[in-house]
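Colleague: Hello! I am new to this structure and would like a friendly tour. Could you show it to me, please?

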Amino acid sequence: MRSPITVHILDTTAGVPAAGIPVVLEQERGGSWVNVSSVVTDVGGRADMMKLEEFTPSVDNPNCCFKETIEYGVYRLQYQTADYIKSSTGKTSFFPYLSIPFQVQQSEANQYFHIPVLLNPAGFTGYRGS
């Protein structure tokens, strides 16, 4: 089992994964944004956004730690990129953070959502991956 929402950030300036970037997943509820999870990208630039903190893997149940489905609705990913860009390039990022909203339809609650980002000091590209 895997997290139903994952992210991957690649630094297109250096051609490497962007490790150490804080990412927040929020869901829109009643006109407000509610925090779902907060993580930091690993050395591969990846992060699982729907890990359940109250569980720990075991030999008997190694995949216990992820939600199996997600609620339909509007979500957004907030990537705090400014510090990473400054430390990796010495430049100030044009976008101090990225905010990428996306929508999960009711019929998609059992699907997998992978949202990669290609990042550089002057821009970014985000898309739904596989």
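Modeller: Gladly, and one definition comes in handy at the start: two strands pair if DSSP finds at least two bridges between them. Helices (H or I, at least four residues) and strands (E, at least two) are DSSP runs, numbered from the N terminus. This is a predicted model, in which local features need pLDDT of at least 70 and side-chain atom pairs count only at pLDDT 80 or more, while totals for chains, interfaces and linings use all residues. Residues are numbered from 1 along each chain as its sequence is written, and side-chain values use heavy atoms, with hydrogens and water left out.

Colleague: Which residue is the bridge partner of glutamine 78 in β7?

Modeller: Strands of a sheet pair through backbone hydrogen bonds, either parallel or antiparallel. β6 and β7 take the antiparallel sense, over 7 bridges. The partner of glutamine 78 in β7 is serine 99.

Colleague: How do the elements of the whole chain run from the N terminus?

Modeller: The protein chain has 1 helix and 9 strands. From the N terminus on, the order is β-β-β-β-β-β-α-β-β-β.

Colleague: What share of the residues is buried?

Modeller: Buried means under 20% relative accessible area, exposed over 50%, and partly exposed in between (1.4 Å probe, protein chains only). Areas come from the Shrake-Rupley method with a 1.4 Å probe, and for residues only the protein chains shown count as cover. The accessible surface of the chain is about 7400 Å², with 52% of that belonging to carbon and sulfur atoms. Of the 130 residues, the buried share is 39%.

Colleague: How many residues of β8 are buried?

Modeller: β8 runs parallel to β1, and 7 bridges join the two. With β9, the pairing of β8 is antiparallel, over 4 bridges, and a hairpin of 2 residues joins these strands. β8 is mostly covered, and its buried residues number 6 of 8.

Colleague: Is histidine 8 buried or exposed?

Modeller: Histidine 8 sits in strand β1 (residues 5-11). Setting aside residues up to four places away in sequence, its contacts (heavy atoms within 4.5 Å) include Gly44, His114 and Pro116. Its relative accessibility is 12%, so histidine 8 counts as buried.

Colleague: Which residue has its backbone oxygen 3.1 Å from a polar atom of the histidine 8 side chain?

Modeller: Look among the contacts of histidine 8, which also include Gly45 and Arg46. The backbone oxygen at 3.1 Å from that side chain belongs to glycine 44.

Colleague: How many salt bridges are there?

Modeller: Side chains of opposite charge can pair when their charged atoms come close. A salt bridge is a side-chain nitrogen of Lys or Arg within 4 Å of a carboxyl oxygen of Asp or Glu. By this rule, the count is 3.

Colleague: Which residue meets arginine 76 in a salt bridge?

Modeller: The N to O distance in this salt bridge is 2.6 Å, between arginine 76 and glutamate 26. Arginine 76 lies in strand β6 (residues 73-79) and its partner in strand β3 (residues 22-29), so the pair ties together parts 50 residues apart in sequence. Both residues are buried, and the partner asked for is glutamate 26.

Colleague: Where does glutamate 108 lie, and which residue does it meet in a salt bridge?

Modeller: Glutamate 108 lies in the loop between β7 and β8, and at 15% relative accessibility it counts as buried. Leaving aside neighbours within four places in sequence, glutamate 108 is in contact with Gln103, Phe113 and Arg128. At 43% relative accessibility, arginine 128 counts as partly exposed. The salt bridge, at 3.7 Å from N to O, joins glutamate 108 to arginine 128.

Note on methods: Polar contact = N/O pair within 3.5 Å; in protein donor to acceptor, adjacent residues only side chain to side chain.
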